[in-house]
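Reader: Could you walk me through this structure, one question at a time?

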Amino acid sequence: EEDEEEGEEALVAEEVEGVLEQLLTGLKDADTVVRWSAAKGVGRLTGRLPLELADDVVEQVLELLTPDETPNSWHGGCLALAELSRRGLLLPARLPEVLPRVTKALHFDVARGASSVGTHVRDAACYVTWAFARAFEPAVMAPHVAALAPALLVLVVFDREVNVRRAAAAAFQEHVGRQGSFPHGIEIVTRADYFAVGSRVACYLEIAPWLATFEAYRMPLLRHLCDVKARHWDESLRLLSAKAAARLAPLEAEWVVATMIPDLCGRALSPDLKERHGATHMAAEVLLGVANAAHGGDGGKFPPETRKQVGGLVPAIEKARLYRGRGGEVMRGATCRMLEVCATIRMPCSADRALKQLVSIDDSLKHPTEPISRAAVAALRAVGAAYFADDAA
């Protein structure tokens, strides 16, 4: 056997090793076209190597999908994995090692100031999962469905970019058609098709709440909103995520009240503006969603601990002076929304605290930015109706 292996290795010319080395280096190149061509080359060349050597190439490609590598390396690595899978060169024994890295690539998003890098990586990861659907038998993929299906659906409904949502929908559809073991696959493919996922608002506010009615997907969707989208770099996406969370929250009300709201209230005091803004808005919207669905709109039915946390949130933000400095105005908008929600659901509140709320709102009413003064007006109207209506009469 050893002689046979040596004979096989001897059949591979030394020049091939140099070419392969260059192709693997090309997977990290700054130019997309180079990475794409290198991935195709790696696939074609590996297909002509003996099995042992082909598996070594797979191992080297996997080394590109590590936390220390650049987004370009992740992108090139995913493209190469997809090409290898399509050609049947990725052995089933490798799947337990490969899938966790592909799942990470599906959610790859590195913030860079007021934007992020990672759209191309997520798109390539969708291509890998699409290739898996074609390359492996249903019995081989079956143990990995529980992790892969929710990871793909999170992208289908919550990714910021339309091309990634559509790529994820195509990969999901391919698995449903060829593997057949994704829970509720046919229903989901019918509802969340290529055209339906074109609208971001429809994905967040219509398709996601519908998906959450399936127990297999409810918690992954809620956790993603809470842990990832609530601190997203795009402000409009944070606000949309808060509205989506409000629609999903009543389906898992106990977990939301016991775990999610305390977590969001803690993060509302974070030094990171994106985190505290998103957490404050999401806490407010989730509170409203659960109160309307589970408590008939009565905030007094929440546990005392929750009422205490929520009631103390705006004073804690003011005490930490989080209105000051850059980004202070968006926090004013978030706290006004929180005060408006607490008043709308008639959260129990002493006269003294209600007066302090009016002082907070008064500062925001004078703000020159229109969205903030509008949020303050809405909060003033709600607080006045909830806590001062009898005095006015």
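Predicted model: local features only at pLDDT ≥ 70, side-chain atom pairs only at ≥ 80, totals over all residues.

Reader: Thanks! Which hand does the crossing of α9 and α13 have, left or right?
Author: The sides that meet are Ala149, Pro150, Leu153, Val154, Val157 and Phe158 in α9, and Ala216, Tyr217, Pro220, Leu221, His224 and Leu225 in α13. By class, the residues of this contact are 11 nonpolar, 1 polar and no charged. As for its hand, the crossing of α9 and α13 is right-handed.

Reader: And how does α9 pass α10, in a left-handed or a right-handed crossing?
Author: Helix α10 covers residues 162-178, and its axis lies 7 Å from that of α9, at an angle of about 145°. The crossing in which α9 passes α10 is left-handed.

Reader: How many charged residues are in the contact of α9 with α10?
Author: From α9 come Leu148, Ala149, Leu152, Leu153, Leu155, Val156 and Val157, and they meet Val164, Arg165, Ala168, Ala169, Ala171, Phe172 and His175 in α10. Sorted by class, the contact has 12 nonpolar residues and 1 polar. The number of charged residues is 1.

Reader: Is Thr306 buried or exposed?
Author: Thr306 sits in helix α17 (residues 304-311). Not counting residues up to four places away in sequence, Thr306 touches Val257 and Ile261. Its relative accessible area is 3%, and the cut-off is under 20%, so Thr306 is buried.

Reader: What about Phe195: buried or exposed?
Author: Phe195 lies in the loop between α11 (185-191) and α12 (200-211). Phe195 and Ala245 are 50 residues apart in sequence, with 23 Å between their C-alpha atoms. The relative accessibility of Phe195 is 67%, so this residue counts as exposed.

Reader: Where is the residue Arg321, which has a positive phi, placed?
Author: Phi of Arg321 is about 55°, although the residue is not a glycine. Arg321 is exposed, with a relative accessible area of 55%. Its place is the loop between α18 (313-319) and α19 (328-344).

Reader: And in which loop is His184 found?
Author: His184 is another residue other than glycine with a positive phi, near 55°. With a relative accessible area of 36%, His184 is partly exposed. The loop in which His184 is found is the one between α10 and α11.

Reader: To finish, what percentage of the residues of the protein count as buried?
Author: The protein has 22 helices and 2 strands, and its C-alpha atoms fill a box of roughly 95 × 40 × 35 Å along the principal axes. Of the 393 residues, the share that counts as buried is 51%.

How values were computed. Residues numbered from 1 in each chain as written. Heavy atoms only, no water. Left-handed = near helix turned anticlockwise from the far one by under 90°. Helix = DSSP H or I, 4+ residues; strand = E, 2+ residues; numbered from the N terminus. Contact = heavy atoms within 4.5 Å. Nonpolar A, V, L, I, M, F, W, Y, C, P; charged D, E, K, R; others polar. Axes fitted to C-alpha atoms, helices over the stretch in contact; angles between N-to-C directions. Buried < 20%, exposed > 50% of the residue type's maximum accessible area, 1.4 Å probe, protein only.
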